[in-house]
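Colleague: I am new to reading protein models. Could you take me through one, feature by feature?

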Amino acid sequence: MSAVAPAVEHTDRTLREGAFGNATSLACRECGHRVDLGPFYACPECFGPLEVAYDFPAVTREDIEAGPRNIWRYKALLPVPTDIESSPNTEPGFTRLLEAKNLAAELGLTRLWVKDDSTNPTNSFKDRVVACALSAARELGAKVFACPSTGNLANAVAAAGARAGMKTVVFIPSNLEQPKQVNSAVFTANLVAVDGNYDDVNKLASEIAGEEDGWAFVNVNVRPFYAEGSKTLGYEIAEQLGWRLPDQIVIPVASGSQLTKVHKAFQELVKLGLVEDKPYRVFGAQAEGCSPVSVAYKAGVDAIRPVKPDTIAKSLAIGNPADGIYVLDVCRQTGGAVEDVTDDEIRAAIVLLARTEGIFTETAGGTTTAVLKKLVESGQLDPALETVIINTGHGLKTLDAVSGSVGPAATIAPTYSAFAATGLA
Ligand SMILES: *Cc1c(COP(=O)(O)O)cnc(C)c1O
Ligand SMILES: [Zn+2]
């Protein structure tokens with residue numbers, strides 16, 4: 001950093017009134033200790049993760065329905081100011097919830113929905129969490145907007161930073177898929193490729209966050225605010241089902257944040273009286289080549305043993321998942337499960353979802369779809385109950401995963417007889 005001007009210690013900055021909406025403090029998930037809202041993520045007492053706590057006013061369905069067709073319709077339930085719509089952001093969310101009748105028939109399910117988050121501004125669910133992190137970074141007076149990423153997060157941070165006119169620096173593993181590199185580099189000149197895996201990149205980011213003032217690392221020092229963005233997936237699913245909760249939901253697990261926050265969102269909707277309380281089961285989906293949470297689930301243990309990822313599902317390749325233990329809690333308490341699938345099953349499921357529903361998902365959605373299939377086949381998921389799966393990213397970002405297994409049925413001369421010979425007529 002430049003030594004000319006004294007660094008602004010953003011932790012000392014006075015927050016403007018209502019900077020975090022109805023959020024009141026950060027609470028430790030382990031011991032309940034509370035700290036003031038700020039760029040903090042670990043409990044000063046026990047090092048447990050901090051989570052945003054609120055004092056919600058009465059919120060009605062009508063209030064929400066009158067809001068914009070993006071995540072800010074739920075702004076009263078997020079750590080963002082009431083004037084959030086006036087700040088440039090990527091305005092993600094309110095993506096389509098599609099009934100998947102063909103896939104349901106194929107798998108023997110009665111009622112199946114796909115929450116399709118591939119249509120967000122940078123084509124993954126990460127735009128949701130980044131929009132909330134950007135608001136926090138702004139309110140905290142951060143000078144740099146940054147992240148370590150497995151790819152999709154880098155895309156989302158780079159785009160949101162560009163809209164916000166902030167200096168943006170994104171760190172990725174150097175072996176990342178080319179489309180994800182280009183999808184970041186097009187938005188920011190400051191893409192840093194690190195020779196190492198995601199966990200190495202994450203460690204480096206924590207070190208930089210400790211050394212430099214005024215850097216908001218979306219998933220490190222403003223992680224509590226970032227994580228809240230995933231709740232909007234849960235709110236939207238319930239609203240789009242006509243203000244109801246589904247019976248079963250299958251969610252991909254990388255750090256585990258999304259899965260735990262969708263559950264938190266369902267709980268909040270019940271507490272606020274916006275949906276009726278009912279039992280629902282939460283299922284986690286991992287790739288076998290990076291399945292620390294699934295392995296712990298199956299072994300019946302609480303501790304997660306970190307792994308070195310080796311899978312085509314790079315967006316889920318977090319070997320040491322921060323929220324893994326909470327994923328175990330949610331899946332066990334709700335009567336769900338955590339399951340994993342092979343890279344071949346992931347590839348096949350990408351094609352299955354595409355050919356049954358016209359939805360091209362990336363490897364993360366392939367993982368979720370393949371896990372859905374496996375859970376139905378093993379009887380862990382009840383085919384008679386209403387089920388939702390989340391498609392978290394777009395297949396154009398991971399073309400390599402299927403480019404070897406799909407292609408032209410025939411290459412022919414431009415004549416009718418050549419076409420007739422293919423048998424496709
Ligand atoms: C980041 C990501 C996830 C999971 O995120 P966590 O909250 O870290 O578990 C799922 N799908 C895609 C495509 C992602 O990019
Ligand atoms: Zn604590």
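Modeller: Four donors count as tetrahedral if all angles lie between 85 and 135 degrees; four count as square planar and six as octahedral if opposite donors are over 155 degrees apart and all others between 65 and 115; anything else is irregular. Here the 4 donor atoms around the zinc ion (ligand 2) subtend angles of 98 to 118 degrees, so the arrangement is tetrahedral. This is a predicted model: local features need pLDDT of at least 70, side-chain atom pairs count only at pLDDT 80 or more, and totals for chains, interfaces and linings use all residues. Residues are numbered from 1 along each chain as its sequence is written, chains are lettered from A and ligands numbered from 1 in the order in which they are written, and side-chain values use heavy atoms, with hydrogens and water left out.

Colleague: Which residues coordinate the zinc ion (ligand 2)?

Modeller: Donors are N, O and S atoms within 2.8 Å of the metal (3.2 Å for Na, K and Ca); water is not among the atoms, so sites may look incomplete. In this model the SG atoms of Cys-28, Cys-31, Cys-43 and Cys-46 coordinate the zinc ion (ligand 2), at 2.3 to 2.4 Å. Along the chain, these donors follow the spacing C-x2-C-x11-C-x2-C.

Colleague: Is Cys-43 buried or exposed?

Modeller: Buried means under 20% relative accessible area, exposed over 50%, partly exposed in between (1.4 Å probe, protein chains only). Cys-43 has 1% relative accessibility, so it counts as buried. Cys-46 has 33%, so Cys-46 counts as partly exposed.

Colleague: Now the whole chain. How many helices and strands does it have?

Modeller: Helices (H or I, at least four residues) and strands (E, at least two) are DSSP runs, numbered from the N terminus. The chain has 15 helices and 13 strands. Its radius of gyration is 22 Å, close to the 22 Å that the globule rule gives for 425 residues, so the chain is as compact as a globular protein of that length. That radius is taken over C-alpha atoms, and the globule rule is 2.2 Å times the number of residues to the power 0.38. The C-alpha atoms fill a box of roughly 75 × 50 × 45 Å along the principal axes. Of the 425 residues, 56% count as buried.

Colleague: What share of the contacts joins residues at least 24 apart?

Modeller: Contact means heavy atoms within 4.5 Å. Among contacts between residues at least 6 apart in sequence, 71% join residues at least 24 apart.

Colleague: How do I read a single helix?

Modeller: Check its span, then its cover. The expected span is 1.5 Å times one less than the number of residues. Helix 4 (residues 152–164) has 13 residues and reaches 18 Å from its first C-alpha to its last, close to the 18 Å expected. Just after helix 4, Gly-165 takes a positive phi of about 70 degrees.

Colleague: Where does Cys-132 lie?

Modeller: Cys-132 is in helix 3 (residues 126–139). Its relative accessible area is 0%, so Cys-132 is buried. Beyond neighbours within four places in sequence, Cys-132 is in contact with Ile-71, Trp-72, Leu-78, Phe-225 and Gly-229.

Colleague: What should I look for in phi?

Modeller: Most residues other than glycine have a negative phi. Phe-94 has a positive value, near 50 degrees. Phe-94 sits in the loop between helix 1 (61–65) and strand 4 (97–99), and Phe-94 is buried, with a relative accessible area of 16%. Asn-123 also has a positive phi, near 65 degrees. Asn-123 is in the loop between strand 5 (112–116) and helix 3, and is partly exposed, at 29% relative accessible area.
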